[in-house]
Amino acid sequence: MNDWVPFEWIAASRFLKEGRMQTLSILAGIGIGVGVIIFMSAALAGQLANVVRRVLSAQAHIVLVPPQEVARPLRGPEVAEAAIVQRPLQRVRSIDQWQRIIDEVAAMPAVTAVSPMASGSVLAVRGEATRSVSVQGVEPDRYFRIVPLPDKIVAGAARLGADDIVIGADLATDLGVRVGDKLNIAVASGQRATLTVSGIVDLGSKGANMRTTYVALHTAQALLGLIGGVSSIDVTVRDIYAAEDVAQRISALTGVEADSWIKTNTQLYLAISAQAIANTTIRFFVGLAIAFGIAAVLIVSVVQKSKEIGILRAMGASRGQILRVFLLQGAVLGLLGSVIGSALGALAIILWGALVRNPDGTPLFPLELDPELFLAAAILATLSGLIAAYVPALRGARLDPAAAIRG
Amino acid sequence: MADAVVLLEAVRKSYNVGTPVETEVLHGIDLALEKGELCALMGPSGSGKSTLLNLIGLLDRPSGGRLTIDGHETSGLGDKALTRLRGHTIGFVFQYHYLIPAFTALENVIMPMLVDRGRPDPEMRARAEALLDSVGLVPWRNNLATNMSGGQQQRVAVARALAMNPALLLADEPTGNLDTKSAQGVFDVMRAVNRDHGTTILVVTHNRSLADQCDRIVQIVDGRITPDEGTAAHG
Ligand SMILES: Nc1ncnc2c1ncn2[C@@H]1O[C@H](COP(=O)(O)OP(=O)(O)OP(=O)(O)O)[C@@H](O)[C@H]1O
Ligand SMILES: [Mg+2]
């Protein structure tokens, strides 16, 4: 009995110690429940982050294109195929007043980066070999904040001067070009240019690496006959799951068509949402099971301790003091249980990282030990302990002392 | 009776009020205990002794009549005020030495002060030691309640009942479970408390020889008090 520790703490901790078996059993139960929640949350979050990272690493969150008429100029590594199907003679349309739109969109708080692009189909010619490719004209400073090309460079540099071109790794192999080599670009309209390969990038998929080239915005504009114009605007947003919302707001604000990654990857997004709902549901019911477990233990404890409660009341303990003694027990059980659960969860996450691997030995996907998750688990478990303890605590507090002492 | 620590006027108690089995257990009790009195309460089993003690101890409320404890008329008091009055004015000793088993002897004696003041302090400890000393149990102060004999536990219970220096000590068959020698030991402790501190004591007992050592014997039969008997000690 330490000095200065309040009566309620002293009594709560002694009662928990006294009912050692009950206390240890319920702590094990809470610990397993919290551990499962922590590991499952980390696993789902890790998997989700992994998938989304893959999808969004070479794609803007939102792409703005001119208002829909008949055909839509598509672009980007993921949709390179579609870009090629585009009828060759169709002129690439420009977005009206794109500079104003960029300013407006960039001013939105939800938006983190905006980058104009002029893109279209061209032929890459090197000696005898000719390949149909997509040329994407960008402003490096802006575009690299959306797709970090410098991180994807495998040779040379992500330099985009007026005569530079950065090409996909498979295209480079196919055409047999290396950094510093010249590459001729021909457009259906008759425009031609000779550019120097300044860098070779790996965009993560063979299709993209085969068909994607990057040039400076001005170079593309000249090639594609889009002087002063852009064919699309890439946008990234703070919260990727709000991308569709933001896209609709942009559309309403500017009149251009805005396609979010959610819309262009509907199946993926639905799968992600379903998983999130399942995760929340499981958390809720595990939490409920924990709360009922704590309540059950404390109800038994109140019955077992009814004589002690009666005695404490007889010696002047108030209802509030008795109430708090049992509420505290609930909170302490929740907190200790969540600490045990956090340890179990962390252990499971570490074991996962060490044992579950791809056939080639690399980790399947990384699981992060997110401190926020542990904090949330501790707070939630403590709160549910408190809430679960409320009914038993009230029973204890309302016990008729005369009846309790009579036994 | 300005000096009455306990004053009952036409106090009634019914159990199961409002149900078909409603029974009146105490039928209009008038009783006054003066400051410093050591009074025995005797009567057959089921006559209402514990019921009466619980009313006086503010653990239960009368169904009718007026109950005044240490000058406070209690019928208008809420649970908080009753709890406070109980904690500060009344100490209890029960038949089944109800120490709190999770605590040591010393901690049990500290408990009423702890409950009152919220946190332990060195002064509480000192007072508890002194009280344990007065019942001859200092060497056992760190024993858990469960590791002591019945007589020792009951002496700890007396020490605990005195922790708040109450005006009134209520004891419901404190020696009922003890052998004659231990019973006399516990009674001697109460007698000494009464003498040294002027504590008013009401003790329920079936033990005639202990009752005879009190200042006064109150008899209760079927929920009614019969005229006081003299005691051997006080004729
Ligand atoms: N909570 C209760 N509900 C109903 N009846 C009760 C209750 N408590 C006591 N009684 C009844 O009231 C009467 C008096 O009981 P009480 O316990 O006061 O007697 P007592 O004099 O203390 O007896 P004993 O000497 O056996 O302890 C008994 O008939 C008992 O059955
Ligand atoms: Mg009784």
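Across the interface of chain A and chain B in this predicted model, three salt bridges are found, a salt bridge being a side-chain nitrogen of Lys or Arg within 4 Å of a carboxyl oxygen of Asp or Glu. In one of them, the side chain of Arg14(A) meets that of Glu107(B), with 2.7 Å from N to O. Between chain A and chain B there are also eight residue pairs in polar contact, both residues at pLDDT 80 or more; such a contact is a pair of N or O atoms within 3.5 Å, where within protein one atom must be able to donate a hydrogen and the other to accept it, and where residues adjacent in sequence count only if both atoms are side-chain atoms. On the side of chain A that touches chain B, two or more residues come from each of helix 1 (7-18), helix 13 (306-314), helix 14 (319-355) and helix 16 (401-406), helices being DSSP runs of H or I with at least four residues and strands runs of E with at least two, numbered from the N terminus. This side of chain A comprises 16 nonpolar, four polar and nine charged residues, with Ala, Val, Leu, Ile, Met, Phe, Trp, Tyr, Cys and Pro counted as nonpolar, Asp, Glu, Lys and Arg as charged, and the others, Gly among them, as polar.

Chain A brings 29 residues to the contact and chain B 28, contact meaning heavy atoms within 4.5 Å. The area buried between chain A and chain B is about 2,700 Å², and carbon and sulfur atoms give 64% of this area; buried area is the accessible area (1.4 Å probe) that two parts lose on being put together, summed over both.

The largest pocket has a volume of about 830 Å³, and of its 35 lining residues, Ile37(A), Ser41(A), Asn279(A), Arg283(A) and Leu373(A) lie nearest its centre. Helix 2 (20-56), helix 12 (266-304) and helix 15 (371-398) of chain A each supply at least two residues of this lining, which divides into 23 nonpolar, seven polar and five charged residues.

Five cavities of 30 Å³ or more are counted. The largest cavity holds about 110 Å³ of space, and residues of both chains line it, including Ile311(A), Met315(A), Phe92(B) and Arg160(B). Strand 6 of chain B gives the most to this lining, with three residues. The second largest cavity holds about 70 Å³, and its lining includes Phe15(A), Gln22(A) and Lys305(A); four residues, the largest share, come from helix 12 of chain A.

Residues are numbered from 1 along each chain as its sequence is written, and chains are lettered from A and ligands numbered from 1 in the order in which they are written. Local features need pLDDT of at least 70 and side-chain atom pairs count only at pLDDT 80 or more, whereas totals for chains, interfaces and linings use all residues, and side-chain values use heavy atoms, with hydrogens and water left out.

Definitions and conventions. On a 1 Å grid over the protein atoms alone, a cavity is a set of points where a 1.4 Å probe fits but cannot get out, and a pocket is an open set with protein on both sides within 12 Å along at least five of seven lines; lining residues have an atom within 4 Å of a point. Grid points are joined across faces, edges and corners, and a volume is the space filled by probe spheres set on the points.
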